[in-house]
Each structure stands twice: as structure tokens, then as C-alpha cells.
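Dear colleague,

I am passing on the structure we spoke of, with a short account of what was found in it.

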Amino acid sequence: MNRKTGKRTLIVLAIVLGLFASIFLFVKILVQDNVAVIDKSIKIGLFSWNSSDDEYSIEDLFKLIKKLHVSRLYHSFEDNLDSQYSTDLIKMAANENIELYYLAGKSEWGLDENATELKKIIDSIATSNLNIEGITIDVEPYLLKDWQENKKEILNSYYLSMQTAYQYAKSNNLRVVLCIPNWLDDVDIKILEDLIANTCDEIAIMNYNKKDEIPAIKSEVYLAMKYDKPLECIVEFQDVGTHQLTEDQTYANDGLGLAIENFNKLYGFYHYNKIGFAYHYATPLMKMLKY
């Protein structure tokens, strides 16, 4: 190699390295500024359990929504759609073009095959004529004290309860997003399939395992594809130790960057364009981002 050729090679190499460095720096800055680098066509959800301005204001909530490019909000109204806080939040969601869902659920509701409490909430949404798309059901029967001894019986009651609630919601023209853990296939794959097929319009998976996020939801993704249902991958941001969360289950100490990077890998692996992403939940994210 002569001197001129060698010089040209070094210049080209320097330009290429510079481009890679600038791309990396650009992405890194986006993540450091807590701007989600997820494709805009992907639906991004946010869970919000605050039903008053005790923890944060509506203005701060929507600053967070804008910062994270959230397109849908799952909000706990705690049976109070008539409060000023609820009225202002619903109005703000409509103004900002944010899909709004009523977030609700208690473990014991999974034992009520008549879905009494869920029907009450569905009635309140349906009669309110407010800008609420539907209900996000977060009923966790595995937190009941009898779970270990009666898994099959409890799961069967849970399925019937969710099926009843879904049918009632559909009769009122409301959508249902059902939240489930990422391990139901290990307990009863048939119940998991029935839940996805017959109890919701969308499934939201609490995928709280940073090391195995992709394989942990393989059954759920397959079934979502089989029944043409959207699937949302929920990631956790509560502090380690909260509700016995371990370092492997939450991104509290990792920040947004790793959570987004891992989701991008998951999305690329499955190639299913109905996979979405959701943050759990607003309060720890407010703390993380120092609102």
C-alpha cells in the first residue's frame, strides 16, 4: 500500500467511525433525556394509580406522557368519575388525543363468576358518556391466600369472571384490556388460551423478568397471533423491595434506556406488529425523572 492510498484509507475509516460515534451519541442523548426511541407506530401505554392530586398533578402527569410518547393511559378512577380531578383528566386526555382506559381490579374479584364489581364499573363508564375507550382489568387471583392449594379451581373461577365481564363490556361497546402475568402457561396453557381468545380485546403481559423477557412471553405471543389480538409488554419501574420486587424484575435502577433497548430486541425477535409497550407506572417514573 502506497502512502496516498494509506492516507485515503485512514480518512475513510475516520469518517465511518465518526458517523458511528455520532449515531451512538445521538441515541444516547435521546435515552439520557428520557425520550422513548421506540417506533412511533407502536402503541405505548402508561399505568396511573393516582386518583387525586395527592401524588402528582394532572399537568405533571401529561408532561410525563408527552416525554415518554405515551399514546394510551390506563388510569385508576377508584369508582369516582364525577370528581373534579377525574373530569379534568378526562378532558386533558381528549385534548391531547390520548386513549383513556379505566384501570381497575382486586384479587378477590377473580372468585366472583358474576363479575359484580366489574359490571358496576362498566355501567359507570357506559352511562357517563365520557371519553373512555374501555376498561383495563388488573385482577390478580394468584395473590389470594388459597392460591397454592387451589390453583386450578381459582383459575377456573377467574376465567369465568373475566369472560362474564368481557361479554358485558362488549354489550356496552367498550373495549377490554386484560392484564396477566407472564407465567400462566406454566400453570395451565388451556386457561391462558381461553383467556386470550374469549375474555379480552387485548392482552397486557406483566413481563417482569429482565433476563428472560423474550422467551417468557413466547406462548402469549403465539396465542395473540393465533387470535389476532394486540399484546402489550408491561415493564416495571417500582423500587427493588417494593411488593418483594427483585433487581431482576424492575428497571428502577437501570433507567429508561435499558427497558427500551430490551423492548426493541423483543419486538424485533417476534416480528408481530401488534406488540405494544407499557410503563408501570407513573409514580415511580415521576420519582426517576425527578418531577
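How many nonpolar, polar and charged residues does the lining of the largest pocket have? Before the answer, please keep in mind that this is a predicted model. The lining of that pocket divides by class into 11 nonpolar, nine polar and four charged residues. The space in the largest pocket comes to about 800 Å³, and among the 24 residues that line the largest pocket, those closest to its centre are Glu140, Tyr142, Leu143, Tyr208 and His243.

As for the protein chain as a whole, its secondary structure consists of 11 helices and eight strands, and buried residues account for 48% of its 291 residues.

Turning to the cysteines, the structure contains zero disulfides. Cys200 takes part in no disulfide, and the nearest cysteine sulfur, which belongs to Cys179, lies 9.9 Å away, whereas a disulfide would need the two sulfur atoms to be within 2.5 Å. Cys200 counts as buried because its relative accessibility is 0%, and Cys233 likewise counts as buried because its relative accessibility is 2%, the cut-off for buried being under 20%.

With best regards

Notes:
Residues are numbered from 1 along each chain as its sequence is written. This is a predicted model: local features need pLDDT of at least 70, side-chain atom pairs count only at pLDDT 80 or more; totals for chains, interfaces and linings use all residues. Side-chain values use heavy atoms; hydrogens and water are left out. Buried means under 20% relative accessible area, exposed over 50%, partly exposed in between (1.4 Å probe, protein chains only). Helices (H or I, at least four residues) and strands (E, at least two) are DSSP runs, numbered from the N terminus. On a 1 Å grid over the protein atoms alone, a cavity is a set of points where a 1.4 Å probe fits but cannot get out, and a pocket is an open set with protein on both sides within 12 Å along at least five of seven lines; lining residues have an atom within 4 Å of a point. Grid points are joined across faces, edges and corners, and a volume is the space filled by probe spheres set on the points. Ala, Val, Leu, Ile, Met, Phe, Trp, Tyr, Cys and Pro count as nonpolar, Asp, Glu, Lys and Arg as charged, and the others, Gly among them, as polar.
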